[in-house]
Amino acid sequence: ADTLGSAAAGQGRYFGTAVAASHLDEAGYVSTLNREFTSATPENEMKWDATEPSRGNFTFGAADQVVDHARSQGMDVRGHTLVWHSQLPSWVGGLGAADLRTAMNNHINSVMGHYKGQIHSWDVVNEAFQDGGSGARRSSPFQDKLGNGFIEEAFRTARAADPAAKLCYNDYNTDGVNAKSNAVYDMVKDFKSRGVPIDCVGFQGHFNSNSPVPADFRANLQRFADLGVDVQITELDIEGSGTAQANSYADVVEACLAVDRCTGITVWGVTDKYSWRSSGTPLLFDGDYQEKPAYGAVLSALGGD
Ligand code: G3I
């Protein structure tokens, strides 16, 4: 029988999952992870609050656990994430503009430097745009003190820090064509036209009944790919159960496979029991690591059996 990873590989794609270091001592978690997935994203361990809790003091223990495990299994690693308004230690928000710029670049250089050569793709900047119809940037210490240029600066710093890593912009509610994805599209188009280094755009893919898989998901992925970047589905989970959930998962996989530059899919966790959606059952394996209908739908959409 195929696995998610082997079936995806047959399509020239990776199939990944978010991984939490705290579960790597659980046999069922590890055996499912190792068997099914070819890419790993540390769920929280590479975020700023985990890696630089106080200025200049870097702590990589938990992230190293995930990276070392993944690499020992031959998995790719997605780095998540360098510059984000959330899980940001309070000291960062207290800095003035000049200091903040220095701290941002130092954070990128230090974290990317620690993992240089080991990361397939980095989410350099995460969730920098607002929800709603404005297409505006989200308020954050970076946006408010450094202005729109912080994103470009972060990508330029990242390119120099690890030239082998693909550099991604990652966001949610950008899966379909809407005001927010239009704003990201305009930014990527501008970056490509001016030679700002960007290699990929991540579409998180957090879906539920209020935010279902959009009918124009494939078309949206394609328009970004046509700008000359790879696209990746980076944090997929879909609330629901049974056939409806399975069909939605199949729709996502089919959309990715229809876009040449959609290079892989990551689901946001191995098992429902550890999902960040505490009320939900959004993943492919249940709490006993049994395959759900959604698992079969994904495998079959990937051409596996
Ligand atoms: O590590 C502490 C622990 O020491 C403490 O005892 C416990 C008590 O609350 O909290 C633990 O931290 C939690 C952390 O996950 C690790 O489990 C945080 O409270 C909790 O807020 C945090 O949630 C994470 C969330 O990002 C935070 O924004 C989720 O696990 C993680 O799945 C989620 O992932 C994000 C992506 O990074 C970006 N896109 C959206 C996605 C879903 O929100």
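Visitor: How do the axes of helix 10 and helix 11 lie in this predicted model?
Guide: The axes of helix 10 (residues 217-225) and helix 11 (residues 242-257) cross at roughly 30° and come within 9 Å.

Visitor: Why are helix 10 and helix 11 called roughly parallel?
Guide: Angles under 35 degrees count as roughly parallel. The crossing is at roughly 30°. Helix 10 and helix 11 are therefore roughly parallel to each other.

Visitor: Which residues meet there?
Guide: From helix 10, F217, R218 and L221. They meet V252, A255 and C256 of helix 11. By class, this contact has 5 nonpolar, no polar and 1 charged residues.

Visitor: What makes helix 9 and helix 10 roughly parallel or oblique?
Guide: Helix 9 (residues 179-194) packs on helix 10 at an angle of about 15°, with the axes 10 Å apart. The cut-off for roughly parallel is under 35 degrees, so helix 9 is roughly parallel to helix 10. Their crossing is right-handed.

Visitor: What meets what between helix 9 and helix 10?
Guide: S181, N182, V184, Y185 and V188 in helix 9 touch N220, R223 and F224 in helix 10. The classes are 4 nonpolar, 3 polar and 1 charged.

Visitor: Now helix 2. Which of its residues are buried?
Guide: In helix 2 (residues 27-36), Y29, V30, T32, L33 and E36 are buried. Buried means under 20% relative accessible area.

Visitor: How do you know where they sit around the axis of helix 2?
Guide: Their arc around the axis is only 165°, which puts them on the same side of helix 2. These buried residues pack against helix 1 (4-10), strand 1 (14-19), helix 4 (61-72) and helix 12 (293-301).

Technical notes
Residues are numbered from 1 along each chain as its sequence is written. This is a predicted model: local features need pLDDT of at least 70, side-chain atom pairs count only at pLDDT 80 or more; totals for chains, interfaces and linings use all residues. Side-chain values use heavy atoms; hydrogens and water are left out. Axes are lines fitted to C-alpha atoms, for helices over the stretch in contact, and angles run from 0 to 180 degrees between N-to-C directions. Helices (H or I, at least four residues) and strands (E, at least two) are DSSP runs, numbered from the N terminus. Angles under 35 degrees count as roughly parallel, over 145 as roughly antiparallel, 65 to 115 as roughly perpendicular and the rest as oblique. Contact means heavy atoms within 4.5 Å. Ala, Val, Leu, Ile, Met, Phe, Trp, Tyr, Cys and Pro count as nonpolar, Asp, Glu, Lys and Arg as charged, and the others, Gly among them, as polar. Buried means under 20% relative accessible area, exposed over 50%, partly exposed in between (1.4 Å probe, protein chains only). The arc is that of the directions from the helix axis to the C-beta atoms. A crossing is left-handed if the near helix is turned anticlockwise from the far one by less than a right angle, and right-handed if clockwise.
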